[in-house]
Amino acid sequence: MVASSRRSRRFRAIAIAVAAVAAAGGGLLPASTVPAAAGEVFRPQLVTVDTPTRADKDRLVALGLDLTEHAGHDYVEVVLHHAADAERLRSAGLDWQVRIPDLVQRASDVNAANRAYAAATEASPLPSGRDTYRGLADYHTDLDRLASQHPGLVRKFALPYRSLEGKQVYGVEIADRVDAVDDGRPVFLMMGLHHAREWPSGEHAVEFAIDLARNHGHDARITALLKKARVIVVPVVNPDGFEKSVNDGRLVDLRTVDEGGTGSILATPGNAYKRKNCRIVDGHAPLAGECGLASSPGGFGAGVDINRNYGGSWGGPGAAAEPVHATYRGAGPFSEPETRNIRALVSGRQVTGLISNHTFSNLVLRPNAVAPDTIGPGGQPVGDPPDEAALKELGDRMAAQNGYASQHSWELYDTTGTTEDWSYHATGGYGYTFEIGPDEFHPPFPEVVAEYLGTGPYAGKGNREAYLLALENAADPRAHSVITGKAPAGATLRLKKTFATPTWTGVIQDTLDTTMTVGAGGSYTWHVNPSTRPLVKARQTRVVSSEPLERRTYTGTTAPTQSTDSEFTVDRDADLLEVALDWPTPDDLDLRVLRRNADGTLTEVGSSAGSVGEKERVLLENPARGGYVLRVENWASAAPSWTLTASLFDTTAQETGGLVENWTLTCEKNGTVLERVPVVVDRGGRAKADLKSCAKKWSGG
């Protein structure tokens, strides 16, 4: 807590922790530009951290810093809010370059650009004509306006769980004959603002809703799609966090940022770059006003990252167990009302496709969110999704419209407890994350316009066209399943399935429960997801042979801050080289594996650098013949004895999973079940279920 006058000054000084657009910075500055001497001023800045190996990414993730979604195969961009953040990078032995040395200045520049654009623009090219970012009340107004202007096409509804601060979460459903909710059409779900600071994610979601509604009856493609499918848009999943972020973020102005003239902005104050929700203490709602006072730059210190709180694989890699971290996963799977809302929505509808919008990095991400060689909760490598080819094909087609990169989520970095990893594996409906924009969490508003409509070679396409492709796929029966048959007119048909969803710490129970109403003709067509979940569907994994082709063990000790090298030679063909480092005490040892080149130089080919006390392991597939150096590094203050084991293995391809699941289809009258049958149907398949017993009982039921 701070005194009121101090707090108001801090809120006027909120730093927007974002990357720069090209005009803002140019070039990279060496990490040495970070002030180190006592008394020097540290300005919040954006840096590019070198991560040439996957182990480097893992080590970076373990530091608990504010990672952006802007990353490549050998780098991750990170926001440094305090000088202590830079020191953590330095202590971890990671190299970085400064991209934006003063984010406070960038904050003021962005807000000035937004004011100038709004003043010069009567109406933007967006479907709404909007020329500036919405606040929470603006979203509510726009959803109300959509429903009132388009009766029979747009229906506004409230999700079942209020936020921690008691706010209602709203969505709109858009479809021809929208009020005939249970008519068996497939559902496409669009979401925004899981993360509070990612303002364009909500803007694109609501603009797509406005686009569909205004073009229905005028655009043949959109009109046909809204007859085939239903679209649900929830633009603000996290209203508490977003309200804090947008209210604080729009205040930054360097004319008032430093009233005393001392230039002593030492951290990103306020909540402009709050990432998480308003959970202050696990299990308890915040006190009145408490969340707004718990200044949370970048999401630190207060809240749960709700995109790590979904049940599927909850508690695994890339999701922090400590509340202070930006990716805090919460006290348990679905512990937060925001994720329970989306769970209820997906579990109660046949959502055959969804997009969760985020910023930034110009990416179209698809499942899985952890690398395929990761040993999952079941003790087997997670592998690739059984629908990998189709997921990639659609992702690539969408990325061709906006110029983004199409890739697995894990290629950014490992995450667990995310939206589409749960929804896809629980329901079979395709799910993607869009990381909107190249540089910033919330850039100048004209860039929001350009990303939605496309620019340059993507003009007239952009995310709008990518979204339409996703909607077309959700409506296409070849990408989901169909059940047809006959049943009494007016009967309620119910598809239900209850199953155990594995987390990294156990299991939770999920229930999918959807209904449709049989029309007057007595025939029905129901577009549904496959009966067998991807999680249990057959897929190929690599299984390591029980006996090694060769194994060598080394022992030793390494002095603090020093390293010890051991030599190992691969002299035969093998599928896998495993190098494992073990020691008895809770110290911090790291492992690096380097290949010796023909000229005697060394090239790092693998590394492992976990948390203190976490044993290290490196796996290399198809290791090249030749010499290797196995390097043990000691980052602790003691010199524990260690054991290093290098083993060569053959592997075999093995099909895992392979279960066949069924939907339970019931035919009901006034809540009474008249018939119950199992239905098995694959993706792209059609199953027929004539409910004759229900028809016989109907008139007397």
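On a 1 Å grid over the protein atoms alone, a cavity is a set of points where a 1.4 Å probe fits but cannot get out, and its lining residues are those with an atom within 4 Å of a point. The structure is a predicted model, in which local features need pLDDT of at least 70 and side-chain atom pairs count only at pLDDT 80 or more, while totals for chains, interfaces and linings use all residues. Residues are numbered from 1 along each chain as its sequence is written, and side-chain values use heavy atoms, with hydrogens and water left out.

**Cavities**

- By this rule the model holds seven cavities of 30 Å³ or more, where grid points are joined across faces, edges and corners and a volume is the space filled by probe spheres set on the points.
- The largest cavity has a volume of about 150 Å³, and of the 15 residues that line the largest cavity, Asn307, Arg308, Leu365, Thr415 and Glu435 are the closest to its centre.
- The lining of the largest cavity is made up of four nonpolar, seven polar and four charged residues, where Ala, Val, Leu, Ile, Met, Phe, Trp, Tyr, Cys and Pro count as nonpolar, Asp, Glu, Lys and Arg as charged, and the others, Gly among them, as polar.
- The second largest cavity holds about 120 Å³ of space, and 14 residues line the second largest cavity, with Val61, Leu65, Leu67, Gly318 and Thr327 nearest its centre.
- Sorted by class, the lining of the second largest cavity has five nonpolar, five polar and four charged residues.

**Backbone details in loops**

- Helices (H or I, at least four residues) and strands (E, at least two) are DSSP runs numbered from the N terminus, and the loop between strands β10 (351-358) and β11 (363-366) contains Phe360.
- The peptide bond from Thr359 to Phe360 is cis, with omega near 0°.
- Asn362 lies in the loop between β10 and β11 as well as Phe360, and phi of Asn362 is near 55°, which is a positive value in a residue other than glycine.
- Another cis peptide bond joins Pro367 and Asn368, with omega of about 5°, and Asn368 is placed in the loop between β11 and α12 (388-402).
- Ser313, in the loop between α10 (290-293) and α11 (337-347), has a positive phi of about 60° although it is not a glycine.
- Ser313 counts as partly exposed because its relative accessibility is 22%, on a scale where buried means under 20% relative accessible area, exposed over 50% and partly exposed in between (1.4 Å probe, protein chains only).

**A pair of helices**

- The axes of helix α14 (residues 445-453) and helix α15 (residues 462-475) come within 2 Å and cross at roughly 40°, the axes being lines fitted to C-alpha atoms over the stretch in contact, with angles running from 0 to 180 degrees between N-to-C directions.
- The two helices α14 and α15 are therefore oblique to each other, since angles under 35 degrees count as roughly parallel, over 145 as roughly antiparallel, 65 to 115 as roughly perpendicular and the rest as oblique.
- In this pair, Glu451, Tyr452 and Leu453 of α14 meet Gly462, Asn463, Arg464 and Tyr467 of α15, where contact means heavy atoms within 4.5 Å.

**A buried strand residue**

- Val618 lies in strand β24 (residues 616-621) and is buried, with a relative accessible area of 4%.
- Leaving aside neighbours within four places in sequence, the contacts of Val618 include Leu577, Glu578 and Val579.

Technical notes. 1 Å grid on protein atoms, 1.4 Å probe; cavity = no way out; pocket = protein on both sides within 12 Å on 5 of 7 lines; lining within 4 Å.
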